[in-house]
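Please keep the model open while reading.

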Amino acid sequence: MTREEVMAILNDHEWFAALPPDVRASIVKHGRPRKVVAGELIYAEGDPCTGQFGVLEGAVRLTGSTPCGKQIIYRVLATGGWFGHLTALDDGLRFQDAHALQPGVLLHLTRAGFEKVLEEDPRRAILFSRLICRDIRISMRMMAEYQTTPLLRRIGHVVLEMSAKTARHNLVDLPLTQETLAALAGTTRQTVNRVLREWEKQGLLTIAYGRIDVPDPEALSEVVGAVLPAHLH
């Protein structure tokens, strides 16, 4: 994969695309492609920081656990997404697990690479902090949605978002389990199963092993009152 190809892929993410050209070039220059296999643990909660990552191919799931042992799914990232940047900035320990959901390629900006980018111009640190601010905004919106949005709309929103991500990035083998949906929607797997089975009876989606296909996203959006992702319009 050439630097030009890497640049084109990463430009799909609004944070990276908004960076000055010299910063984007520096990140790609100091980053190293890393192949991953399905199910591979990229890093674990409590690990020391090894830098940050951009997804060039495939998909990555970020998870954590509560003191009582319950698993939390923070995000599912597709091509162009970034993760691992918080600990790259604060030099702390990893606070989540990162697993590859399918075979893919990451751009690994190692700790040494990250420091080289900043050595060229220390003011670039503020640009990386904006990526963290973006994540905080997303988390705050999710918290507000959990507290104010009806359950069916939350489940429908997650299904539509994952469908849009799968279609946009051609993630034909991306596993979408009911456990993942439940965690992202803030409910239980049993509830998700009942809701999906009802929607399947209505012809709004099709449930297969590890997959949920939405043949008509607009129809599902109208039923649950969720906003249709832009990529599905």
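Axes here are lines fitted to C-alpha atoms, for helices over the stretch in contact, and angles run from 0 to 180 degrees between N-to-C directions. The model is predicted.

**Helix packing**

Two packed helices are described by the angle between their axes and the distance between the axes.

| Helix pair | Angle between axes | Distance between axes |
|---|---|---|
| H1 (residues 3-10) and H3 | about 120° | 10 Å |
| H3 (residues 21-30) and H5 (residues 111-120) | about 150° | 9 Å |
| H8 and H9 (residues 189-201) | roughly 105° | within 8 Å |

Start with H1 and H3. Their axes pack at about 120°, so the two helices are oblique to each other. The crossing of H1 and H3 is right-handed. On the H1 side, the contact uses Arg3, Val6, Met7 and Leu10. On the H3 side, it uses Arg24, Ala25, Val28 and Lys29. By class, the contact of H1 with H3 holds five nonpolar and three charged residues, with no polar ones.

H3 also packs against H5, at about 150°. Angles over 145 degrees count as roughly antiparallel, and H3 and H5 are therefore roughly antiparallel to each other. H3 passes H5 in a right-handed crossing. H3 brings Ser26, Ile27 and His30 to the contact. H5 brings Gly113, Lys116, Val117 and Glu120. Two of the residues in the contact of H3 with H5 are nonpolar, three are polar and two are charged.

Gln178, Glu179, Leu181 and Ala182 of H8 meet Arg189, Val192, Asn193 and Leu196 of H9. The contact of H8 with H9 divides into four nonpolar, two polar and two charged residues.

**The second largest pocket**

How much space lies in the second largest pocket? The value is about 610 Å³.

Which element gives the most to the lining? H6 does, with eight residues. In total, 29 residues line the second largest pocket. Tyr74, Arg75, Phe95, Gln96 and Ser139 lie nearest its centre. By class, the lining has 17 nonpolar, eight polar and four charged residues.

**A backbone feature**

Asp91 sits in the loop between H4 and strand S7 (97-100). Its phi is near 60°. That is a positive value in a residue other than glycine.

Conventions: Residues numbered from 1 in each chain as written. Predicted model: local features only at pLDDT ≥ 70, side-chain atom pairs only at ≥ 80, totals over all residues. Heavy atoms only, no water. 1 Å grid on protein atoms, 1.4 Å probe; cavity = no way out; pocket = protein on both sides within 12 Å on 5 of 7 lines; lining within 4 Å. Points joined across faces, edges and corners; volume = space filled by probe spheres on them. Helix = DSSP H or I, 4+ residues; strand = E, 2+ residues; numbered from the N terminus. Nonpolar A, V, L, I, M, F, W, Y, C, P; charged D, E, K, R; others polar. Parallel < 35°, antiparallel > 145°, perpendicular 65-115°, else oblique. Left-handed = near helix turned anticlockwise from the far one by under 90°. Contact = heavy atoms within 4.5 Å.
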